[in-house]
Amino acid sequence: MISPRTLRNLRSELSRSLLAKLGIAILAVILFTALFAPLLAPHDPTDQNLDNANVPPLGFTATENQTTSQMVDGEVQIVEEEVVVNTTAEHPLGTDSLGRDVLSRTMFGARTSLLVGLLGTSIAVVLGVTVGITAGYYGGRIDDALMRFADVMLAFPSLVLAIALIGLWGQASWRIPDPLVALGIASSEMPEHVVLPGTVIVVVALVNWVWFARVARGEALSVRDQEYVKAARSMGGSDLHVILKHVLPNSLTPILVLATIQIAAIILLESSLSFLGFSGAQLSWGFDIAQGRQYLSSSWWIATVPGLAIVAAVIGINLIGDWLRDALDPGIEGQGGAP
Amino acid sequence: MTDPLVTVDGLEKYYYENDTLLDRLTGAEREAVRAVDGVSFEVREGETLGVVGESGCGKSTLAETLMRLREPTGGSVTFDGDPVYELSGDDMDAFRRRAQVMFQDPFSSLDPRMTAGEIITEPLAIHGVGTGAERRERAETLLEEVGLSADQIDRYPHEFSGGQRQRIGFARALAIDPEFVVLDEPVSALDVSVQAQVLNLLADMQAERDLTYLFIAHDLSVVRHISDRVAVMYLGEIVEIGPTEEIFEDPQHPYTKALLESVPRADTDERDRVVETIRGDVPSPRDPPSGCSFRTRCPELIQPPWLDAPQAAFREISEFRTRIENGDIDVDTRWEQVGDPDREDRAAFVDSLYAEAFDEDLPDDDEGTVREAIRALADGDREAAAATLRERYRSPCEAVDPALPAGEHPSACLLNEQPDDVEAAREEWEADRDAPGVGASSR
C-alpha cells in the first residue's frame, strides 16, 4: 500500500526538514528508553528509601527544614534549622518524596504512555475508519445515523467521558511479565511486570475514535465520486472490493497524519487520567506529576522531570505528524519529490 | 440491418431535490431534475452510435444509467435480450463482463495508488479470471496492443501522459473481452493531436474485436470521425438520430442545424460567414420549457397560424415575451434610466425599452401590440403585459411536445414529420383557438 513514490516523497521531505529529523530523533530516544528501560534505568523505580528522599538533581541544591531536639542544660530544646540536601551522583535527576529515583521512574513511565498512546490510537483508528468509511461510502440514511451518533460523542468533553467510562467499568489492568527481566537479561531487581492499563486504553480509544470517523467519512465522500470507483463498479466490483481496494488506500494519508496528532493527544489524556488517579497505573508520567504536585514549592523536580518528558514526546510526535503531512500532501505527490 | 445489441426504451433518470426528511415535514414540493427524460434508441451489433450534445444535456447520466451505475427512475434497457435492470447474481455478473465503460477524465479514472498492471487486471481479479501470472501476461499483451510498452506495467498513473492514461483506461475496458463498450467522452480531455491517435486506436480495436460502441462526446468532428450513427441530445431528450452522413449533410432538427452551424470550418469562405450561434443558455433541467424543450432558443420557432411576421421579428418578440414572463425586466431601473422619477412620461418609458429590446423592424400591427404590452409594464402590471403578448404570439411549440417518430432518421420537431398523436395534438391546439384581434385594443 506504500508505493515507491510515497517513500521517495517521505525521504526527500525528511532530507529537507530539520524539524522532521528532530522529531524522529526525539521519538527514537523515547521508544528506545521505553523498550529497554530495565537495562537503562539506574534503579528499581519502585524502590523506596526515606533517608534519601527529595534529593535534588545534579547541579542543584535544595534546603530542607529539619527539626531536631537536643538536651541543653537539662531542658529539651527543639531546634528548627535549614539543612542543605546534597545531590548524589546515584540519583542524577533526584529522588521523590519517598526516595524513589526520578530518572528511573521517568524511563519506566515512558512505557505506560507509549503503550496507551499507540494501542489506544490503533483501536481508535480501526473503529473510526470503519465507521467513517461506511458512512461516507454508502451515504444517505446510514451516513445520517452514524454521523449523528458521532456528533453526540463529540459533544462530551473527552476527559469527563473518559472518567465516566472508567467509573462504569472499573480499572481493569493486566500485568505482563517483562521479557527482559524474565529472561535474565536485565537485573532481577527491576520490576517483574509491565502493567497494561486495559480500561484506559479502551477508554481513550472510545473517546477519540470520532475524529477518525469524521476525517475518514470526508475522504470516502470525495473518493466515492472518483471515476476509478465508478469504473470498478462498472466492472462488477462489490462494495467490499471498492472499499478495500480504492476507498481505503486513497483515504489513508490524512488519517495517518491525524493519527500522529492523536497519539500525542492520547498520551496527554492518559497523563490527565493518571494525574487525577483514574488510570490505576502507578508508574506513569501523569501519576508522577500528581505525586510531585504537593512538593512543587520545595522539590520542583519530582513533577517537572516527567512533565518535560510529556512535552518532549508530544513535540516529537507532532513534528513527525508535520513531516508526514508535508510528504504525503497530494499537492507534491506525483512530482516524485523535488530536490 | 443487424440486430440491436442494446435497446433503450423510454429511459428516465430524475433527481429529486427537497427530498430530505425536513423538506417532507415542512411540505416543500419535491423538485425533479430531469437529467434523462424519456430516451429511446438502440445500438446495433458492431456499430458505433455517437451521442452528442452540449454540457449538461444528460449524456453522461445516460451512459451511467444505461450501465446501471445509477438506478433509473423509469424505462428499461435490454442487453442482448436481457433486461438490465432486472438482472441479479450470475446474470448481472455476466452483464458486467460483457459491457464495459471507458471514462472521460484521464486523471481521476485511474486509481493513483495502483500500477498500470494492477489497473488493467482489476476486472480480471474481480471476476476471478486466471492466475496472477496469467493476468500479468494479459496486461502486458494489452499494454502493447494499446500502443504502450510491456515494461511500463509497474509504473504508476502519474508517470504517464494524458493520452497514455486514456490508453490504459481503454486497456482496462478491454481486459475482460467485452462486446459492448460505453466510451464516455474518451478524448475530450486530450490535445487535438493525441485525440486522433486515441480515436484511431478505438477504431482499430473495434474492427479487430467486433466491438459495439456507444460513443459520447460534445465535439461534433470527433463524433463524425468515429460514428456510424449519431444521436443528438438536448436537455435530457434525443432530438434527432440518424446515420452520421445524413445528420451532418442534411440535419433536420433546428438544434442540430444550429450545432453544426456553430462549428468553425477550415475554409476561405469562413472569413465572411456570419456564424449564427445558438442564443442564450441551456434552460435548467429543473424547470424545462413546456412543449418542445428547444423552443426558448430555436431560430425556427413556429408562428401561430394567424401570424405572418418575419421570422427574425417573431423571434425577437418571443424572446422579449420570455423576459417579461420570467420577470427579467426591472421596471424601476428602466424608469431611472428614462430619468422620470415621478413615472409620468409613459411614452418615454415605452420608447426606451422598445429601442433596447428590438433591433428588427416590426410590422406595424406587431409594433402596436408590443408597445401596448410595454405600457402595461410601465404601469407595473407585468401579468397584463405578458398576457397581451401571450395571446398573440403563442407558438404551437410551447403547447405541443414533439416526439421522435420511428424510422431511420427521425427528428423531434414539429416542422418535420411527427407521430400521429403529436400531429393530432397540434391540430387540436390550432383548432381550439381563434385568431385574436389584430392589435384591436392597442390603439
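These legends accompany close-up views of a predicted model. Local features need pLDDT of at least 70, side-chain atom pairs count only at pLDDT 80 or more, and totals for chains, interfaces and linings use all residues. Residues are numbered from 1 along each chain as its sequence is written, and side-chain values use heavy atoms, with hydrogens and water left out.

View 1. Residues 255–278 of chain A are 88% helix and 0% strand. Their end C-alpha atoms are 29 Å apart. Residues 298–320 of chain A are 87% helix and 0% strand, with end C-alpha atoms 36 Å apart. Helices are DSSP runs (H or I, at least four residues); strands are E runs of at least two.

**View 2. An aromatic pair in chain B.** B:Tyr255 and B:Phe294 pair edge-to-face, at 5.0 Å centre to centre and 65 degrees between the planes. Rings of Phe, Tyr and Trp (its six-membered ring) pair if their centres lie within 6.5 Å; planes under 30 degrees apart are stacked, over 60 edge-to-face, the rest tilted. B:Tyr255 sits in helix H10 (residues 254–261) and B:Phe294 in the loop between H10 and helix H11 (311–325), so the pair ties together parts 39 residues apart in sequence. Both B:Tyr255 and B:Phe294 are buried, meaning under 20% relative accessible area (1.4 Å probe, protein chains only).

**View 3. A ring cluster in chain B.** Ring pairs link B:Phe79, B:Phe95 and B:Phe180. Over all chains, the structure holds 13 aromatic pairs.

Definitions and conventions. Chains are lettered from A and ligands numbered from 1 in the order in which they are written. Buried means under 20% relative accessible area, exposed over 50%, partly exposed in between (1.4 Å probe, protein chains only).
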